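Here's a quick briefing to read alongside the model. Have a look at the fold first, then go through the points below.

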Amino acid sequence: MIIMVQGIEIEVLKKQIKNLHLSVLPPNGAVRISVPATVSDESIRLFAVSKISWIKEQQNKFKTQLRHNEREYVSGETLFIWGKQHYLKVEYSNKGNGFEIQGETAVLTVRKESSARQRENYVHEVLRGYLKTEITRLLPIWEAKTGLNCKRWQTKYMKTHWGSYSKKTGSISFNLQLAKKPVDCLEYIIVHELGHIQHRNHGKGFIEYMDKYLAYWRETKDKLNGLTLDFIE
Ligand SMILES: [Zn+2]
């Protein structure tokens, strides 16, 4: 369910929980409220109205961060790959693009007149390659451990989710940006999304499943969602 409060779109998820839980999510400040199934729509609206100034404040923070994060793909910028920071060194060539990691440096070869967007698209394709290699390595290991198998998977550039599972297609989607995070974050998403093959939501059964297979999943989740601003009533 989506509600509108003072021009702000809020996604409402009814769950088996005890308290209302409000989140403003990176990178764009999407707003989500998780609510116990018994709470009335009017109470949800009143709750949202009471938090509206806090929501706007968080959204402004994200807007500022986004501006700071806009990249031009020029020498000296930093780029994270598997959790490690690399300094970008841009070289020019008309003989095709290239990308190579040399210690702390990531050498990006592009046409001199290429736009930031074109360079970004190319870097994303490189990251996609890295991510696919790791998923191909790790997914079968976790499928064997958990006994849960996905029919197919894909990598996608997503703005609000690190991963998702579609029951309809039996397919897991992995966020392209996972290639920027430490590899244990990818592992957490793999185990998490495989878990959704058996568990629809994040209830007791799901938590037990996560505890069984990844003892440190909470820490990894926090690391991954370092930018998530949560408010617990
Ligand atoms: Zn989930």
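How far apart do the C-alpha centres of domain 1 and domain 2 lie? The answer is 24 Å. Keep in mind that this is a predicted model, where local features need pLDDT of at least 70 and side-chain atom pairs count only at pLDDT 80 or more, while totals for chains, interfaces and linings use all residues. Residue numbers start from 1 along each chain as its sequence is written.

**Domains**
- The domain assignment gives domain 1 as 2-69 and domain 2 as 115-226; the bounds come from an automatic or database assignment.
- Six residues from domain 1 and four residues from domain 2 make the contact (two residues are in contact if their C-beta atoms, placed from the backbone, lie within 7 Å).
- On the side of domain 1 that touches domain 2 there are three nonpolar, two polar and one charged residues. Here Ala, Val, Leu, Ile, Met, Phe, Trp, Tyr, Cys and Pro count as nonpolar, Asp, Glu, Lys and Arg as charged, and the others, Gly among them, as polar.

**Overall picture**
- The protein has six helices and twelve strands, taken as DSSP runs numbered from the N terminus (helices are H or I, at least four residues; strands are E, at least two).
- Its C-alpha atoms fill a box of roughly 60 × 45 × 30 Å along the principal axes.
- Of the 233 residues, 21% are buried. A residue is buried if 20 or more other C-beta atoms lie within 10 Å of its own, exposed if 12 or fewer, and partly exposed in between, with C-beta atoms placed from the backbone.
- Take the contacts between residues at least 6 apart in sequence: 47% of them join residues at least 24 apart.

**Cores**
- The largest nonpolar core has 25 residues, and L178 and I189 touch the most other members. Such a core is a set of buried Ala, Val, Leu, Ile, Met, Phe, Trp, Tyr and Cys residues joined through C-beta atoms within 7 Å.
- Strand 8 (105-110), helix 3 (116-146), strand 11 (171-175) and helix 4 (183-198) each supply at least two residues of this core, and helix 4 gives the largest share, seven residues.
- Leaving aside residues up to four places away in sequence, L178 touches L131, W162, C185, L186 and I189.
- Another core, of nine residues, lies apart from that one and includes I10, L22, V24 and V35.

- Four strands line up in the order 5-6-8-7 as an open sheet with mixed pairing; strands pair if DSSP finds at least two bridges between them.
- Strand 5 (78-81) and strand 7 (98-102) are at the edges with a single partner strand each, so one side of each has no neighbour in the sheet.
- From one strand to the next, the twist averages 35°.
- Strand 6 (residues 84-92) runs parallel to strand 8 over six bridges, and V90 stands opposite L108 in strand 8.
- Helix 3 packs on the sheet and touches strand 5, strand 7 and strand 8, with its direction at about 125° to that of strand 8. Axes are lines fitted to C-alpha atoms, for helices over the stretch in contact, and angles run from 0 to 180 degrees between N-to-C directions.

**Two positive-phi residues**
- Q6 is not a glycine, yet its phi is about 45°; Q6 sits in the loop between strand 1 (2-5) and strand 2 (8-15).
- Is Q6 buried or exposed? Q6 counts as exposed because it has 10 C-beta neighbours inside 10 Å.
- Y73 has a positive phi of about 60° without being a glycine, and its place is in the loop between helix 2 (52-69) and strand 5.
- Y73 is buried, since 20 other C-beta atoms lie within 10 Å.
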